[in-house]
Amino acid sequence: MNIVKSVRVVFSTVLLSLFSVASIAEISVIVHPSNEAGISDADIKKIYLGKSSKFPNDMQAEPLDQKEGSDVRQQFLGAAVGKSEPQMKSHWSRLIFTGKGVPPKSLDSDAAVIDAVAADPKAIGFVDSSAVTDAVKVVMTY
Amino acid sequence: MKLHILSKSGLTVLAAAVASTASASDLRINGFASFYYGNVLDNKEIPGELYRGYGETGNFQYDTQFGLQFASDLGDGLTATAQLTAEGRSGYDAELSWAFLKYQISDEWSVKMGRQRVPFFLYSDFQKVGYAYSWVTPPPEVYNLGGLENTDGVMFEHLTDLGDFTSRLNFLFGTTSQTTNFGETDLDIDNENQVGLFWDLAYDALTFHLTYTVSELTISAYNDVGNGIGQTLAAINPALALTDDELDLLTVDEDEVTYLGAGLSGDWGTWVAAAEYASIMIDDSPTSSDRQAWYVFTGYRWDAYTLGLTYANYSSLNNDDTIDVLTDKNIEATMNAAAAGATNDVSAAGIEQLVGAIPDIYRAGEESSAVTVSLRYDYHPAAALKFEYTQDDVTQKPEDGTGEREFSPALVRVGVDLMF
């Protein structure tokens, strides 16, 4: 019985480490270096769900998305927005077909998001933390 | 036909929208589609009749539909939106369901003018977009409004944050006339001077919805029957002539309609839930003078699956005052006797037709309660596979003693919803 138990413990530890290797990379939410709005978790969620089109300092926000199916997107949606990809799509289908919103523009890579955010004071995006450069400002990590 | 006129005008609007994009702004095209097969199981009680569009022979058409939405940002807060839909239940005739211009007046105020959806209930705005929810269709007990889902008019919207709450108020003024397909008949319906107030309050995972509208409803087919009965009675014997009040109870002629609705929904990620109540009262109307419906829904999500359970209840009773007119004046027996004694074949046939319409129009009360189990599987980023089983218990004409019928159809629907 003890052997069974210890095998289980070892097995689940191995599983756990596999999972952590596979999925845990840090995500950074980034804005233009000139953006002085104090952005909270709740603001990020509201902006990405289309419930708000502004930063807390009333400046217009242009959220940027990443490619559907990408690890960085799945992880960001789960951690910051609290939705899976299909849930996010279903949420936006409600807004699109009522003329209440336009989903965030989708870009192909971390580098493309960083370039776009560095060039636009209204932009907000998310990237793998390892890709962050001095051209952008990190306001939140997940 | 009306639909063809609509689709022609739809093309004109689209052409205009496309032309304007060619010059400057960006045109967004989004689409949705549903492909469903359905089949009624064990419906021995009503052989040959359809339940929610389905019979015992499978059907691929009824809930199959295709929609395209064109939205063009014209700049300075002005957007033009057109939505074309083609539904299997209407023989795939293209219809311009929406065509409106939206203007953002200020941060909080906007206005929409044109043909648009009336936000009666929680899911009304995206009622046709199956991808947006876990049912095949939202509970028809509440959502089936017989063609009055859309209106032509102007709607002001006020959107604001109140602390952690988001409040959206809509004020509508509209007037619409539409042709609706009821079973095998097309009915012309006019819903005029519709004034509506709609309020959504969202807090975190919860959304609360409230609806109040009044309008004036005219259904010409009902009036043909009601007026026909009145004229026939007066011709048989002037003493039988109907008073204005009695005639009012047999017709739907600018009758005041009041819609009330309240709903609450929540989405906590793993669990989703919704409950809604709707009441439609039509003053001095022969039918559905007091229609009430409600449902409760709960769903559980895991991986790419959502399993849902819905209980829905519906009650639309006869108008007692109408039944009193029919019985006090002995209308059916008097008219039957007149038809039997008529020397003229044409008038006998006409009278029989009028009497034959009475059970369908004036004694058409119905009660039902249905349980639905639904399973949604998001097997693709843009497509959801759905399976749904509905077990309904229907009692027709529950108050009429004779002629009461009960049946318990079970409906299975399976299909796919897409958005692109």
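Predicted model: local features only at pLDDT ≥ 70, side-chain atom pairs only at ≥ 80, totals over all residues.
Student: Which elements make up chain A, in order from the N terminus?
Tutor: Chain A has 5 helices and 5 strands. Of its 142 residues, 28% count as buried. From the N terminus on, the elements run α-β-α-β-α-α-β-α-β-β.

Student: What share of the contacts in chain A with a separation of 6 or more comes from residues 24 or more positions apart?
Tutor: Take the contacts in chain A whose partners have a separation of 6 or more. Then keep those between residues 24 or more positions apart. Their share is 64%.

Student: Which element gives the most residues to the side of chain B that touches chain A?
Tutor: In all, 19 residues of chain B are in contact with 15 residues of chain A. On the chain B side, the elements giving two or more residues are E1 (27-41), E2 (65-75) and E3 (78-87). That side divides into 9 nonpolar, 6 polar and 4 charged residues. The top contributor, with 3 residues, is strand E1(B).

Student: How many residues are in the largest nonpolar core?
Tutor: Among the residues with the most contacts inside this core are B:Phe121, B:Val129 and B:Met335. B:Val129 touches A:Ser93, A:Phe97, B:Phe32 and B:Met419, leaving out residues up to four places away in sequence. Another core lies apart from the largest one, with 21 residues, including A:Val29 and A:Leu64. The largest core has 58 residues.

Student: Why do the buried residues of helix H6(B) line one face?
Tutor: In H6(B), residues 331-341, the buried residues are B:Ile331, B:Met335 and B:Ala338. An α-helix has 3.6 residues a turn, so residues three or four places apart point the same way. Seen down the axis of H6(B), the buried residues line one face because they fall within an arc of 60°.

Student: Which exposed residues are on the face of H6(B) turned away from its buried side?
Tutor: First look at the buried side. Its cover includes helices H3 (220-236), H5 (320-328) and H7 (345-361) of chain B. Now turn to the face that points away from it. The exposed residues there are B:Ala333, B:Ala340 and B:Gly341.

Student: How many bridges join strand E14 to strand E15 in chain B?
Tutor: E14(B) spans residues 366-380, and E15(B) spans residues 383-396. A hairpin of 2 residues joins them. The two strands run antiparallel, and the number of bridges is 13.

Student: What is the bridge partner of B:Leu385 in E17(B)?
Tutor: B:Leu385 lies in E15(B), where it is the bridge partner of B:Tyr377. E15(B) also runs antiparallel to E17(B), residues 410-419, with 9 bridges. In E17(B), the partner of B:Leu385 is B:Val416.

Student: Which residue of E16(B) is the bridge partner of B:Gln396?
Tutor: E16(B) covers residues 405-407. E15(B) and E16(B) pair in the antiparallel sense over 3 bridges. The partner of B:Gln396 is B:Arg405.

Note on methods: Residues numbered from 1 in each chain as written. Chains lettered and ligands numbered in written order. Core = buried A, V, L, I, M, F, W, Y, C linked by C-beta atoms within 7 Å. Buried ≥ 20, exposed ≤ 12 C-beta atoms within 10 Å, placed from the backbone. Contact = placed C-beta atoms within 7 Å. Pairing = 2+ DSSP bridges. Helix = DSSP H or I, 4+ residues; strand = E, 2+ residues; numbered from the N terminus. Nonpolar A, V, L, I, M, F, W, Y, C, P; charged D, E, K, R; others polar. Arc of directions from axis to C-beta.
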